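Please examine the sequence and the model below. The briefing that follows is arranged by topic.

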Amino acid sequence: HWGSEHTVALAQKAMVAHCVHTKDGEAGRYGVLGVLYELSEIVDALLSSFEDSLPAKPSSRRLAESVVTSTFKGPLAFDQIHAGLNMSLYWSYSGSFTTPPCTEVVDWFVLQNYAKI
């Protein structure tokens, strides 16, 4: 989604992708990989595979009037989300989901290098 919750040097990145995973052997806990994006002229392989199928930008963050659904049918090569990124450089902390009720059951892993869009 546009606008990252995480900031680096007090700066918000243009976009973030969250990859949410259940944690093996730890019922009710989750691991989330956060991939931050910077604006550039580089085409992102993962995003370009479905961006033409995304609905138009809503007039507000809340879709109170109706539900808008993508026409994308897949398949999606999701491992492309970290293509070219150094997976050994990340920030890690225990925290919460970013949507209400913001349950504190998440181990965050936020990559320190950025994807480009």
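G84 counts as exposed because its relative accessibility is 83%, and over 50% is the cut-off for that class. The model described here is predicted. In this model, G84 is located in the loop that runs between α1 (45-48) and β5 (90-95). The C-alpha atom of G84 lies 21 Å from that of H21, a residue 63 positions away along the chain.

**Overall architecture**

- The protein is built from one helix and seven strands.
- Read from the N terminus, the order of these elements is β-β-β-β-α-β-β-β.
- The C-alpha trace spans about 35 × 35 × 35 Å along its principal axes.
- The protein has 117 residues, of which 29% count as buried.
- Among contacts with a separation of 6 or more, 48% are accounted for by residues 24 or more positions apart.

**Surface and charge**

- The side chains include 8 positive and 12 negative ones.
- The centres of the positive and negative sets lie 5 Å apart.

**Cis peptide bonds**

- The bond from G74 to P75 is cis, with omega near 0°.
- P75 belongs to the loop between α1 and β5, and G84 is also found in the loop between these elements.
- A cis peptide bond also leads from P100 to P101, where omega is near 15°.
- The location of P101 is the loop between β5 and β6 (106-111).

**Positive phi values**

- L10 is a residue other than glycine with a positive phi, near 65°.
- The loop between β1 (7-8) and β2 (11-12) contains L10.
- L10 is classed as exposed because its relative accessible area is 83%, where the class requires over 50%.
- C102, likewise a residue other than glycine, has a positive phi near 55°.
- C102 is placed in the loop between β5 and β6, and P101 lies in the loop between these strands as well.
- With a relative accessible area of 34%, C102 is partly exposed, because that value falls between the 20% and 50% limits.

**Aromatic rings and a charge over a ring**

- How many aromatic pairs does a search of the whole structure find? The search finds four.
- One of them joins Y93 and W108, whose ring centres are 6.3 Å apart and whose planes meet at 10°, so the pair is stacked.
- The reasoning is that centres within 6.5 Å make a pair, and planes under 30 degrees apart make it a stacked one.
- This pair links distant parts of the chain, since Y93 is in strand β5 and W108 is in strand β6, 15 residues apart.
- The charged end of K13 sits over the ring of Y114, at 4.2 Å from the ring centre.

Methods:
Residues are numbered from 1 along each chain as its sequence is written. This is a predicted model: local features need pLDDT of at least 70, side-chain atom pairs count only at pLDDT 80 or more; totals for chains, interfaces and linings use all residues. Side-chain values use heavy atoms; hydrogens and water are left out. Helices (H or I, at least four residues) and strands (E, at least two) are DSSP runs, numbered from the N terminus. Buried means under 20% relative accessible area, exposed over 50%, partly exposed in between (1.4 Å probe, protein chains only). Contact means heavy atoms within 4.5 Å. Lys and Arg count as positive and Asp and Glu as negative; His and the chain ends are not counted. The place of a charge is taken as NZ of Lys, CZ of Arg, CG of Asp or CD of Glu. Rings of Phe, Tyr and Trp (its six-membered ring) pair if their centres lie within 6.5 Å; planes under 30 degrees apart count as stacked, over 60 as edge-to-face and the rest as tilted. A charge sits over a ring if NZ of Lys or CZ of Arg is within 6 Å of the ring centre and within 35 degrees of the ring normal.
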